[in-house]
Structure formats: structure tokens, C-alpha cells
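Visitor: I would like to take a close look at one part of this structure, and then see what lies around it. Could you walk me through it slowly, as I am still new to this?

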Amino acid sequence: MCGIVGYIGDSDSVPVIIDGLKRLEYRGYDSAGIAVIENDEIRRIRGTGKIAQLELAIKASPIKGSVGIGHTRWATHGKPSEENAHPHTSCNDDIVLVHNGIIENYVELKNQLVKSNHKFDSETDTEVIVHTVEKNFKGDLLEAVFCTIDEIVGAYAVGVISKLDKTRMIAARKDAPLIVGVGESENYIASDIPAILPYTKKVIYLEDGDVADIRKNSVTVYNKRKIVNRMVHIVRWDPIQAEKGGYKHFMLKEIFEQPQAVQDTFRGRIYPEQSRLSFDEELKIPEGLVKSIQKIYIVACGTSYHAGLVGKFLFENYAKIPCEVDIASEFRYRNPILNSKTMVMAITQSGETADTLASLRLAKSSGSYTLVISNVVGSTASRESDSTLYTHCGPEVGVASTKAFIGQLTALYLLTLDWAIKKNSVSKESVKNMIFSLWDVPMKINEVLKGSKKILEIAKKFFHSKDFLYLGRNFNYPIALEGALKLKEISYIHAEGYPAGEMKHGPIALIDENMPVVVIATKSSVYEKILSNIEEVKARLGVVISLANVGERIIEQKSDFVITVPDVDEFISPLVNVVPLQLFAYYCAILRGNDVDQPRNLAKSVTVE
Ligand code: M6R
């Protein structure tokens, strides 16, 4: 995530940029900065915290200039700090740049640049871009950016200005959003529409590979160095709608951002063509540890705990490491057997959940190796653990976790495959197939999202129900739990998730014609067993809503309603199957008139015991 705003014109850019950044704070808010060209010099102010703090810093030391760029950060590489905040400058402070995205080959580029005496001040991947622009700069900023984008690999939206070519602002994008706002004798760049909506309604959406040469009276867009025609669109959104990207709620927006969340969590870490994963440098797990570890304890709360339950299936099936999963508030008080041969893995979106932190501390004091999967760079959990694998989902605003869960699962799959390779516990051929299946997940999730209208129609039939049962088996048992949790937290309908085989040991007594039962019945090694469970429900007049693969006739005949999902390998099915359940919960909740982004009694981050 991260938010970018830039201005070029006759007015002072500072108030426009600050105002725009404030409206982009939903994209990230751990640090912020601004740079302008003032009297032929670059003036830059940066700091940690929200835009309000940046504003105070500018008040204390005013800056002014009619060309400027600003940034609000959601850290991916390097903790939130002043040094890591954007804009970043070249060695001579001639060029200054803001970036949103992830540069995959930054280590390689940084090594080359350091050899030719470039001095780095931050831990970010971004800084290599500005030094590469500097290396390529021969008086023409546009040409320098053209050369730079040929060298960088990854996702980027960038805004660049230079005091040596000061009548233009250059913008470039690939796999990260960036728009150009077209004004009267002034132009803008922004990550998203709300930033510039009060100033102009005319917008150019840059496309992948586009580089825009923006001057106060003109915008020229290039792709592969050739001028291309990009339409100017008129935006009719109101500012609040714009913040949510046109979606009614953040939760819906975040559900639809899941293909991107998976892709961003993959980025620079998985290479399907070479059957290779690469994040050793990031994780810094001591050599040999993966082979010597005798047991993994996963600790987490809520949705993150459900991700952990999927992790257990993965680690035991493929990396062949015994794994236990604990709810953090139980783990911390139950005297688990911990020593230097155990690894404790905490899964926490926020990295601030009190019970999860207490479990981590207990693990550390017992000599276990600690690893965190978190979405927030520099969070307490990541600071206190031996190592962290970040999910790159961007800020999750909705209280009900959706894209963060998908990010956590993605991180668990990455670890599993990496450790299976290191331990040689899965054949090379299988690893290759698994990597390819995983690579296709964003596309498969997109297919599910396209079917959202049908899910709404089913929700319309059930949103008055008082109770729900969710059944799943094996890899999809945790998904049944997560589906039930989503429904509970936002629709306030009572729902229970159960392993389907356990139904006849109690919950079956609840089933009658008023009890809808959601059954995860996608193709799997336990498919026949699930069919029997559906029969058991139907025999007691229960109403079955099945989640099944496209074209599954038998399931269609046996169920009252079917939500279809694309056919995928069983091992990655949790990543796909959870999505329709999130949508189902979302639609039930809005049909009941609930506040889905801030459900009653809940908080996004539970920092007390
Ligand atoms: O930030 P964390 O992942 O540690 O948060 C854990 C739970 O509080 C969280 O997953 C909660 O269950 C969500 N609201 C569920 O949607």
C-alpha cells in the first residue's frame, strides 16, 4: 500500500500535498514525508506517525514550492522510522522520489550501486530506485527514469522530481496504482482518486509500463519510450466513496483486494519457472534449524488462529514437522513443553495482540526459536521475535479480517514449500506442481469474486436465520471455523464451525428444517465422507448450502443451494474456499443493516488480555 501525492503548477504545493495525503491515510500511516523544490534546492521533511505530525513539523520549519511530492507509508522493507520514510533522495540531494510497491531485485541493485560509491541512508527497497535514477541522469529526468525502469524488477508507482530539471514531475507505474490529475495550469499525481478530488475531477489512469512526463501545462504519457494516448476520465465519486475505491465498505474492498494480497505476499519470494523460493535473507533463520526442529507450536487468536490450523496440515503433510496449534490465551497459561528444539510461530496481523505477545515472550524465555507472521512492519511481535515473515496485504481497515487471513495463509504455504525443499520431504516434481498451483491462486480467487452476485442471492434467502452450522474436513475444517466466525462477527447470527465427521457426536441434534448447514464439499481426499455428511443433514430435514466445484452434479442433486468455486488442488483449496464464505457473511450482514466495518463490541487490535 502507501499513498503518493504530487503537484506541479503555480501555487504552493505543500497544502495540496498535505491535504491529499490526509485523504490517503487509509493506505498507510506509519510515517510520512514531503519534498519540494524551493529556490532551486530540494527541501524535505519526514517523520514517523500520521500526517498531523508531519504538518506540525512543517509548521515548525516551513517549506514552500510549486513542485512537490509527498508520501504516507505502510512499511514493507525497513521499520517505520524517519530514515525509512519517503521521499528518498540521491547522494547529492539533486533528485527526490516517492514509491509505492516492492522492488524484488533491490539487494542485487544495492550491491552494484554501493560498489560505485552510492551512499544509502535507509533500509528500504525504494532507495535503490532514486540512486538508479541518479546513476542514469545526464540532465534529462525523463530519460533517467526510462533507463531506471529497465533495471528494476517488481511493483512500483513512483513520483520523481529534480532540482536539475525542475519544470517537470515524472511518474511511472507497474503493478501498483497511480493516476494523473489534470488541472488548469497545474497537474497532480496520486495513488488514488480521493487525494485530488477537491482539485480536479479529470483523471488519467496510468497503465502498466507507463511513464508520464508532467509539466504544469501538459501531460505526456509514454510506454516503452513511445508516446501513447491515455483517455482523460471525469470522476463523479464523492470523497468518502472514493476512499473505499468505489466499494460500499472497506470490508468488501478488502475481500476484492485478496488476489493482490496473495500476489504481493509472493512478490520476490517465489519463482515458479525455477521451482524456487527465496526469502532466506529476509528470514535469517540459522542454517540447519529447519532440519533440527522437532516441533512447531503455532500461537494466535481469532482468524489468525484459523490460519494456524491450516498451517498444521501444511507443516505435517509436506514439511513433515509435527505441529500443534494453540489459542494464545490458552498457550500462555498451560505450561507447554518448550525448549531449543521447538519453534514457536506467532501469527498476528497487527503484531500487537496481547495474548499472542505474551505467548511469544514465554517461548523466548524457554529457549525456543520464535518466528512471527505479521502484516505490520516494525510491530511489537516482529521486534521481539527472532525472525519475521511479513505478509504484504497493506492496511486492513475492516475489523473483520479477510485479506490479512489470505496473506497469512500465503505466508504459511511459502514456509511449507521452502522447508519441504530444505528437508527433501517432498519430491522435486511435487514441489514444482505445488508451486505452480499456488501461483495460480490469485486468478482462481478472481473467478470466485466474479460469482459474488449469486452469493448475494443466496444470502437474501438466509439472512433472517438464527443459527448456522459450518462443516468442513481436513484442510477445510479450519475454513469452516473461519466461515462461521465471519458470519458471527458481522451479522450477529449464531454460527458454529465443526469438523464434519464430528457432527454425529452432538451437533446433529440441532438439525431441523430451520438449521442451514454450510458444507465445504469441494474435491478432496475426503470427498466421499463429506457426501455422507450431507446425506445425514438432509435425512434430518436440514437445509444444505454446499460449496462445490463447478459442474459437480451429485452435490447439486443433494444440496438445496450450491456456491461454486473453481477446481484447484486440495492442498490450496483453503485459499479459494474461504472467499465465498467471507462474501456470504458480508451480504448477510448488510442485508441485516449492520455496520460491517465496525461491528458491535469488537476492536481491530486486542491489546489487552
Ligand atoms: O492482529 P491479530 O491477527 O493478532 O488479531 C487476532 C484477532 O483479534 C483477529 O483475527 C480477530 O479475530 C478478527 N477480528 C477476526 O476477523
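In which helix is L581 found?

Guide: Before anything else, please keep in mind that this is a predicted model. L581 is found in helix α22, which is made up of residues 573-591. Its relative accessibility is 2%, and because anything under 20% counts as buried, L581 is classed as buried.

In total 13 residues surround the ligand, and the closest are S304, Q349, S350, T353 and E489. Sorted by class, the shell holds eight polar, three nonpolar and two charged residues.

Some of the contacts can be followed atom by atom. In S304, a polar side-chain atom lies 2.6 Å from an oxygen atom of the ligand, and in S350 an N or O atom of the side chain is 2.6 Å from an oxygen atom of the ligand. With S401 the backbone takes part, as one of its backbone N or O atoms lies 2.7 Å from an oxygen atom of the ligand. Taken alone, the ligand exposes 410 Å², and the protein buries 92% of that area.

The strands deserve a look as well. Strand β2 (residues 31-38) and strand β3 (residues 41-48) pair in the antiparallel sense over eight bridges, and I34 has I45 in β3 as its bridge partner. Two residues lie between the strands of this hairpin, where N39 takes a positive phi near 50°.

Elsewhere there is an open sheet of seven strands with antiparallel pairing, in the order β5-β6-β7-β8-β12-β13-β14. At its edges stand β5 (88-89) and β14 (226-228), and each has a single partner strand, so one side of each is left without a neighbour in the sheet. Within this sheet, strand β7 (residues 154-162) and strand β8 (residues 169-174) run antiparallel and are joined by five bridges, and G159 stands opposite A171 in β8.

Notes
Residues numbered from 1 in each chain as written. Predicted model: local features only at pLDDT ≥ 70, side-chain atom pairs only at ≥ 80, totals over all residues. Heavy atoms only, no water. Helix = DSSP H or I, 4+ residues; strand = E, 2+ residues; numbered from the N terminus. Buried < 20%, exposed > 50% of the residue type's maximum accessible area, 1.4 Å probe, protein only. Near = heavy atom within 4 Å. Polar contact = N/O pair within 3.5 Å; in protein donor to acceptor, adjacent residues only side chain to side chain. Areas by Shrake-Rupley, 256 points an atom, 1.4 Å probe, with all protein chains shown as cover. Nonpolar A, V, L, I, M, F, W, Y, C, P; charged D, E, K, R; others polar. Pairing = 2+ DSSP bridges.
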